[in-house]
Every structure is written in C-alpha cells, then in structure tokens.
Amino acid sequence: MQPIHVVEPTLEGYSGHCYSLVTSLCHALVNGPVELWSARGAQGMVFGAHVANHPMFRRRIRLIQTLLLYRRLLRSGAPIVVTTARRSDLLTLDLIADGPLPRNRVFLYFHWLRETPAKLRSFRKLARRQPHVVIFGTTATVVEFFKRCGFTNVYLLPYPAPPASGSDAPVAFRQLLYAGAARQDKGFSLIVDLVELLVRENDRMPIAVQVSADHYGKVDAKTRADIARLQAAGYAPLAVVSQTLTPQEYSALFTGSICLQPYDRDEFRDRVSGVTLDALSHACPVVATAGTWSANLIKSFGAGIELQSLDAASLLKAAREIQRDYAVFQAGARAAGKAQNRKSWAPLLELLPRAPTG
C-alpha cells in the first residue's frame, strides 16, 4: 500500500493550529502508512505508529525545499495532501509537472484567501493548466472563489474541530483568556488595553494572556511594545503565559474561561479560527468581533457575545455579561463544540486513491 504524503511546512511545534490539524488528519488516516513532511521544529513529535515524521523545512529555504520535495513525491506516484495550501504550492506543482497533474494525486486544503484581481488571473490560468488538482476550502466563500476561477474538483471541507473534552457537568467561571499567538490582527493591543482598564477600575477579575509568537517565533515591534506594556501594568490577577505549552497545558487554559477574540473584522470575516474551535471543544464561551466567522458560529448556538465596538470597555462589558450567566453560555459553547466535532475529513477520505478511515 502506498503511503499518503502529508505536507505541512509550518508545523513547528505544539502552538498554533497546525498540531491539532495534522493530528486530526493522521488519526483519520490510521489504517494506512502516512509520511509527514514538517518543519525542523517538529523534531521528536509523534503522531502515531503509522506516521513517519520528517522534520525538514527551514523557513528561509522553504520554497526551494518544497520544489524539490514535490518533484520527488510526484515521481513516487503516491497521493500528496497539503494541509495548509497557498498559491505558491500550486504554482510550484505546476512548474515541475510535465503537463496536467494526474487525477486524484494532489489535494490542496485552502483555509482562507484574500481575493485580488492578480490572484484571480493567476488561479484562472492555473485552472486551465491543472484541471485535475483537487481543492478543498474551509468555507463556502473559499470554495466559490476557486469555482469562479474554473477549477472543477472543488469541495467544502469545514475545518476539523478537536473532540469535545470532559463531561457535560457545569464548570464554574475561573478567568478571562486570550489564547494563541500575540498578533495585532488578533486584537492583542486591545487585550493590553483591557488589562490596564482593570487596573484603573481596581478590578480583581483573573485573566490569562498567552504571548506566544507566530509559527516562526516572529513578534513585530508593536506587539513587543504591547507585551512590555502588559508586563508593566502591575495587575495582580494577571497570568502571562510565555512558555511553550504542551497540548494538555494548552487545553487546560480553556476550562472555566471566557475566551476573548477581538480579531480584526476584515481579516477574519470568512477566516476559520482554530482558537474558537479549541474554546468550544472545552465548553468555553467566546467574545468575538461581530461580522467574523467566529461570531457567526457562536451566535447560532448562544455560545458567547458578538463585540460590535473594538474597545476595552466594550470587551469588558461583554465579558461581565457572560460571567453573570456563565452556566447558560457554557451550555451553548458545549453544544457548539459537539456540533463542530461531527465534521470530519470525509470529503478528503472519499477521494483518496485508497481511503483509510479511523
């Protein structure tokens, strides 16, 4: 049986969405051998006895490494699944392919994209040259874009959610939480504003704030200044989480928490949030920016509150509203987590040349 080659160059460790995404896929492919191609930071990570992990990607030479790897994998004849696909992946595959790629050989999973006229022209050209590539999108908007470009093998594959955790027993409110990478487009500055507001109001509401960098350890100057401002706030009930967490430690953050996600409305309008799915899988209510994918999800289950105004006072007001009726919002979050967990890798598994399922 040929292995399935899973390519995830941004898998550097346990932080971010990549670990849970790859773990989920490897579990779904448990009945067959998997060759995983990850970043060098994933050295020593284990995804199952059936998975051979090859930590190889370096950021500075990733494009060259990707080209050489794709050339090798195409010659092998085995299926290739790119779990976080970008236009560069399709451009590289087209560059090295001797004509159209074979049917049901290359599977690209696009999580989101920013549509521009240049991208539209580029993808239309690629659709004519590579009619057999299989494309998956996390949302209907992503799927519709690729269909407009002329791709015919395009399918909706909602972002696989982690399994619901723990029992259905209510858990008392414990803290506010900002989880994931400290980034400006994720409203990190507003979180620091909130902590400073809590100081001014002489509040005692506990809050935990992750200050993780992105996949490659990058933190921009504005965010570095915000982290310094956070640490200088002098708020006693603040827990700054700067160390790398194990999956178990990361999961524990959500128990009894209210997850704060004041994300940029334009950037996350149709962009799936792994943090939202992590929160809901732990029955953790969410405060999300109105008009984002996350807000639309929590609204349908009563799993949190939409934030209309992006300012510290509005964020605190929403958090206090959830705290006052925490059991109700927690039940909504639990229902949302269970509903999302029913979604799976089935659209991909059904198209693989041999479709192992777990």
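Visitor: How many salt bridges does a search of the whole structure find?

Guide: Happy to take you through them. The search of the whole structure finds 16 salt bridges, where a salt bridge is a side-chain nitrogen of Lys or Arg within 4 Å of a carboxyl oxygen of Asp or Glu. Side chains of opposite charge can pair when their charged atoms come close. Two notes on how to read the values. This is a predicted model, in which local features need pLDDT of at least 70 and side-chain atom pairs count only at pLDDT 80 or more, while totals for chains, interfaces and linings use all residues. Residues are numbered from 1 along each chain as its sequence is written, and side-chain values use heavy atoms, with hydrogens and water left out.

Let's start with Arg-229 and Asp-193, whose side chains meet in a salt bridge with an N to O distance of 2.9 Å. This pair links distant parts of the chain: Arg-229 sits in helix α7 (residues 221–232) and Asp-193 in helix α6 (residues 188–200), 36 residues apart. Helices (H or I, at least four residues) and strands (E, at least two) are DSSP runs numbered from the N terminus. Arg-229 has a relative accessible area of 25% and is therefore partly exposed, and Asp-193 is partly exposed as well, at 30%. The scale runs as follows: buried means under 20% relative accessible area, exposed over 50%, and partly exposed in between, using a 1.4 Å probe and protein chains only.

Next comes Arg-320, which forms a salt bridge with Glu-201, the closest N and O atoms being 3.3 Å apart. Arg-320 lies in helix α11 and Glu-201 in the loop between α6 and β9 (207–210), so this pair ties together parts that are 119 residues apart in sequence. Arg-320 is partly exposed, with a relative accessible area of 26%, and Glu-201 is partly exposed at 41%. Back around Arg-229, salt bridges that share partners join Asp-193, Glu-196, Lys-222, Asp-226 and Arg-229 into one network.

Helix α11 spans residues 312–324 and also holds Arg-324. With a relative accessible area of 66%, Arg-324 is exposed. From C-alpha to C-alpha, Arg-324 and Ser-300 are 20 Å apart in space and 24 residues apart in sequence.

Another pair brings Arg-183 and Asp-185 together, their side chains meeting in a salt bridge at 2.8 Å, N to O. Arg-183 counts as partly exposed because its relative accessibility is 23%. Both residues of this pair are touched by Arg-271, which has Trp-112, Arg-183, Asp-185 and Trp-293 as its contacts once residues up to four places away in sequence are set aside; a contact means heavy atoms within 4.5 Å. Arg-271 counts as buried because its relative accessibility is 16%. Its place is in the loop between β11 (257–261) and α9 (274–281).

Among the buried residues of α9 are Val-275, Asp-278 and Ser-281. At the start of α9, a side-chain oxygen of Ser-273 reaches to within 3.3 Å of the backbone nitrogen of Val-275. A polar contact is a pair of N or O atoms within 3.5 Å; within protein, one must be able to donate a hydrogen and the other to accept it, and residues adjacent in sequence count only if both atoms are side-chain atoms. Just after α9, Ala-283 takes a positive phi of about 55 degrees.

To finish, here is the setting for these pairs. The chain has 13 helices and 13 strands, and buried residues make up 53% of its 358 residues. Of the contacts in the chain with a separation of 6 or more, 72% come from residues 24 or more positions apart. The C-alpha atoms fill a box of roughly 65 × 40 × 40 Å along the principal axes.
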